[in-house]
Amino acid sequence: MRLIVKLLINSLALYARTIIVAGASIVPFAPGGTLELVLTLVLVAAIFGIVNAVVGNFIRIVAFPIYILTLGLISLIVNGLLLLLAAWLSSLFGFGLVVESFWRGVLGALVLGLISWIIGILLRPIMGKKR
């Protein structure tokens, strides 16, 4: 259940990110209606989650000394690169996330993280997760 909720939170955050950050858009699969857009958002969120879980954790482990030296600021660059990787993987299917440049990816990853965090805080009482 929590996996589905996190996937929906990331989908909503991806949609909000495309509205807030210029230079990023979602290309739904054909014919491009509302249902196709929603399914594309869910698929892109799943791709981003898999990329973040597999590649992101490997990078965080290998680059741990750099994280310490930069006091964690390198995570913005890493998250931007992971978002670009997810955009590239989704474009292989002919639909998905489009990011114009590296810095738009970094800004988009920052906005995506903030929106996911805020939505997660709002839904925490409903889901019953305590911290």
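## Helix 2 and its buried side

Let's start with helix 2, whose buried residues are Glu36, Thr40, Leu41, Val44, Ala45, Ile47, Phe48, Val51 and Gly56. Keep in mind as you look around that this is a predicted model.

What do the buried residues of helix 2 pack against? Their partners are helix 1 (2-20), strand 1 (24-27), helix 4 (74-91), strand 2 (96-99) and helix 5 (102-127).

## Length and bend

Helix 2 covers residues 34-62, 29 residues in total. From first C-alpha to last it reaches 41 Å, close to the 42 Å expected at 1.5 Å a residue. Along the way, helix 2 bends by about 35° at glycine 56, which is also one of its buried residues.

## The two strands

Strand 1 and strand 2 run antiparallel and are joined by four bridges. Within this pair, isoleucine 26 stands opposite leucine 97 of strand 2.

## The nonpolar core

The largest nonpolar core holds 26 residues, and those with the most contacts inside it are Leu14, Phe48, Leu82, Leu83, Leu97, Leu112 and Ile115. Helix 1, helix 2, helix 4, strand 2 and helix 5 each supply at least two residues of this core. Helix 2 gives the most, with six.

Note on methods: Residues numbered from 1 in each chain as written. Predicted model: local features only at pLDDT ≥ 70, side-chain atom pairs only at ≥ 80, totals over all residues. Heavy atoms only, no water. Expected span 1.5 Å × (residues − 1). Bend = angle between axes of the 7 residues up to and from the residue. Buried < 20%, exposed > 50% of the residue type's maximum accessible area, 1.4 Å probe, protein only. Contact = heavy atoms within 4.5 Å. Pairing = 2+ DSSP bridges. Core = buried A, V, L, I, M, F, W, Y, C linked by side-chain atoms within 4.5 Å.
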